[in-house]
Each structure stands twice: as structure tokens, then as C-alpha cells.
Amino acid sequence: MRTIAFALERAGEGSYRVQAFRQAADAVAGLGATAVAAHLAAGTLTHVPGIGAVTAACVAESVAGQEPSYLRKISAPEPTALRAELRGDCHSHTNWSDGSHSVEEMALAAMELGHDYLAVTDHSPRLTIARGLSAERLAEQLAVVAAVNRVLGRRLRVLSGIEVDILADGTLDQADDLLDQLDVVVASVHSGLREAGPRMTRRMLRAVTDPRVNILGHCTGRLRSERRTRPESAFDAAAVFAACAEHQVAVEINSRPERLDPPTRLLRLAVDAGCLFSIDSDAHAPGQLDWLDNGCARAERVGVPTERIVNTWPVDRLLAWSRRLR
């Protein structure tokens with residue numbers, strides 16, 4: 001049941017469907033194997049609160065030693081060769097902002113995917129629609145990250161981080177002393193996305209030249225989904241990517257299906273400019289951590305050099321780069 005819930009999150013299905021399978025998993029765990037077998041024999045499993053007809057059928061197939069047919073329908077595609085080179089993910093969200101799960105739950109899911117590290121990068125204060133973290137809440141989260149790391153030990157390193165808003169004047173939406181404490185800082189534009197190209201360019205240039213910034217997140221801000229579309233922001237990409245290359249700021253290859261940002265033509269431009277890259281899931285739920293293949297496939301198509309992808313690096317090298325100027 002939990003595997004199916006994870007796969008549904010990866011497929012971008014609605015949260016109600018994901019929750020149905022998680023509730024069924026909890027119900028089955030609460031019953032125990034003997035009681036589940038008895039209900040299956042009597043045909044009464046759907047009488048148990050939290051288990052419906054679909055989830056009951058999946059339980060029956062699992063108990064019979066079969067892969068549930070429901071799971072086969074939503075199985076992940078074969079991973080790309082580049083995916084095996086990634087050591088971790090530098091952009092993810094938890095229920096501290098607009099994600100659906102805790103720091104620990106996201107970390108455990110990343111560990112199951114084989115990650116060595118996961119950066120927790122919840123939103124900054126002014127993105128109120130996403131419950132952005134005030135300085136006080138971010139400080140509280142740092143303590144939680146440290147506690148999760150003590151529990152996980154060497155199995156996975158949770159990196160402290162933030163997706164900080166690039167404000168209208170190019171400054172960053174969080175206190176400098178807090179940003180200095182973080183392992184990974186992703187800087188993204190979330191407001192004023194339709195402003196004139198010269199203004200947006202100046203805004204982005206000021207941000208990527210800030211020594212605290214490690215990654216330029218989803219640089220065009222575009223959205224392409226059935227539910228919502230948004231065109232690319234206008235900016236001088238050649239100038240911005242040149243600044244990224246000069247200041248060793250990685251350009252994010254965002255793997256969310258509705259973003260896939262930057263577009264191919266700009267991704268090629270960033271490669272030619274000599275930029276570093278970070279292939280990130282921008283996950284807001286555990287199953288979405290498995291979206292990295294989307295970004296890997298795009299990176300392979302345009303020939304992004306593996307050695308320039310920062311999350312192919314071991315954690316010590318990543319942190320030496322991310323904290324080099326702080």
C-alpha cells in the first residue's frame with residue numbers, strides 16, 4: 001500500500017488518492033497478518049475502516065504473492081544512466097511550508113531511493129501562500145534537521161537549506177546570519193514574474209552574485225500542466241548564466257513535470273556558458289523525490305557534463321562548494 005502511495009505521488013495523482021492508500025496501509029498494519037488472512041477468507045476486508053474495494057484487491061494480490069495490478073499500471077519508467085550517478089537531491093519541501101510530509105518522512109523516502117543526502121529547502125517568509133518560514137521557524141527547523149540526522153546516522157545526511165525568494169530588488173528573503181548557517185541555498189523568483197526583461201535581469205544578477213546563493217531555482221518560472229500554465233519570464237539568459245558560471249552558482253534542472261525548467265534552448269546556453277548544474281526534484285511529497293529521472297533525461301539529451309552536476313558529488317565535496325564563501 002505504501003509503495004502504491006509513493007508511486008501515485010511520483011505520478012502526480014491527487015492527494016486524496018494517495019491518502020486512501022496510506023490509510024489502507026495503516027489499517028492493514030493495525031490488523032496484523034492473521035486478521036488480514038481471516039478477512040480475506042471471509043470476504044470482509046472492505047468492512048474494515050480505511051480499506052475500500054480497490055485497496056482490498058491490492059491487499060489480496062499482495063498476500064497471494066503477486067504484484068498488485070494497480071501498481072503495475074503506475075510503475076516508474078526505466079531509470080536513465082545519469083540517474084545512477086546522482087548522490088542526492090538539493091531541493092525538496094516538507095510540511096513546514098507547502099509540502100505534505102515531515103522532515104523525517106522525506107528523509108526516509110530519500111534513503112529508500114538510495115540517496116546519500118537530501119537538502120530540505122522550504123520556502124522563505126514572504127511566500128505566505130506556501131507558509132514560508134519566518135526566521136524563528138527556520139531556526140526551529142534547523143534543530144529538527146539535526147535531530148533527524150542523529151537518528152539516521154550515516155545512512156543519509158539531511159542538509160539544512162532554504163528556497164529563498166529573490167525579491168524585487170534582487171535581495172534575498174531571509175536574514176543573512178541564518179542563510180550563513182545553512183548547507184544549501186536555492187534562490188528562486190516567485191513574484192513579479194511578468195516584469196520587464198531588463199528589470200528581471202538586474203534582479204537575478206544581484207541574487208546570483210550574492211555569496212550565500214548556491215543554486216538558481218527554476219529560472220524561467222514557467223508552468224506547463226493541464227491545470228495551470230504560465231509563460232517564461234523574460235530576462236537576458238546569456239548574462240545571467242555568465243554570472244552563474246563566474247560565481248559558481250549552479251543552474252537548477254528542475255524535474256517537476258509541470259516545470260521542466262529551464263527549457264532546452266536555455267539549458268544548452270547554460271552548458272555553453274560553463275555553468276554548474278543541480279538536477280533537483282523540487283519534491284513536495286515522498287513519491288515526488290523519484291522525479292529526478294525527468295531532469296536526468298533532459299540533461300543527457302543536451303550533453304550536460306556529469307562532472308558539472310553538483311549532486312553527483314559526494315556530500316563533503318558538495319558542502320565544501322556550497323559553504324565556500326560563507
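1. Leu 260 is buried, with a relative accessible area of 18%; buried means under 20% relative accessible area, exposed means over 50%, and partly exposed lies in between, for a 1.4 Å probe and protein chains only. This residue lies in the loop between β8 and α11. Helices (H or I, at least four residues) and strands (E, at least two) are DSSP runs, numbered from the N terminus.

2. A word on the model is needed before going further. The model is predicted, so that local features need pLDDT of at least 70 and side-chain atom pairs count only at pLDDT 80 or more, while totals for chains, interfaces and linings use all residues. Residues are numbered from 1 along each chain as its sequence is written, and side-chain values use heavy atoms, with hydrogens and water left out.

3. The peptide bond from Asp 261 to Pro 262 is cis, with omega near 5°. Gln 248 has a phi near 55°, a positive value in a residue other than glycine. Gln 248 is partly exposed, with a relative accessible area of 40%.

4. In what order do the strands of the open sheet run? The sheet has 7 strands in the order β1-β2-β3-β4-β5-β8-β9, with parallel pairing. Its edge strands are β1 (88-89) and β9 (277-280), each of which pairs on one side only. Two strands pair if DSSP finds at least two bridges between them.

5. Of the 9 residues of β3 (residues 157-165), 8 are buried, so the strand is largely enclosed by the rest of the structure. Strand β2 (residues 117-120) runs parallel to β3 and is joined to it by 4 bridges; Tyr 117 stands opposite Arg 157 in β3. Strand β4 (residues 184-188) also runs parallel to β3, with 5 bridges between them. Val 184 in β4 is the bridge partner of Gly 161, and Val 185 in β4 stands opposite Ile 162.

6. Which residues touch the most other members of the largest nonpolar core? They are Val 158, Leu 216, Phe 241, Phe 277, Ile 279 and Val 304, in a core of 61 residues. A second, separate core of 18 residues includes Leu 8, Phe 21, Ala 25 and Ile 51. A nonpolar core is a set of buried Ala, Val, Leu, Ile, Met, Phe, Trp, Tyr and Cys residues joined through side-chain atoms within 4.5 Å. In soluble globular proteins, nonpolar side chains tend to be buried together.

7. Not counting residues up to four places away in sequence, Val 158 touches several residues, among them Val 103, Leu 118, Val 120 and Leu 152; contact means heavy atoms within 4.5 Å. Phe 241 lies in helix α10 (residues 237-247) and is buried, with a relative accessible area of 0%. Leaving aside neighbours within four places in sequence, Phe 241 is in contact with residues including Cys 219, Leu 266 and Cys 275.

8. How many disulfides are there? The count comes to 0, where a disulfide is a pair of cysteine sulfur atoms within 2.5 Å. The sulfur of Cys 219 is 8.2 Å from the closest cysteine sulfur, in Cys 244, too far for a bond. Cys 275 is in no disulfide either, and its nearest cysteine sulfur, that of Cys 244, is 5.3 Å away. Cys 219 is buried, with a relative accessible area of 5%, and Cys 275 is buried at 0%.

9. Helix α2 (residues 15-31) has 17 residues and reaches 24 Å from its first C-alpha to its last, close to the 24 Å expected at 1.5 Å a residue. The expected span is 1.5 Å times one less than the number of residues. The buried residues of α2 include Val 18, Phe 21 and Arg 22. Just after α2, Gly 32 takes a positive phi of about 90°.

10. Is Glu 195 buried or exposed? Glu 195 is buried, with a relative accessible area of 15%, and is found in the loop between β4 and α9 (197-208). A polar contact of 3.2 Å joins its side chain to that of Arg 203. A polar contact is a pair of N or O atoms within 3.5 Å; within protein, one must be able to donate a hydrogen and the other to accept it, and residues adjacent in sequence count only if both atoms are side-chain atoms.
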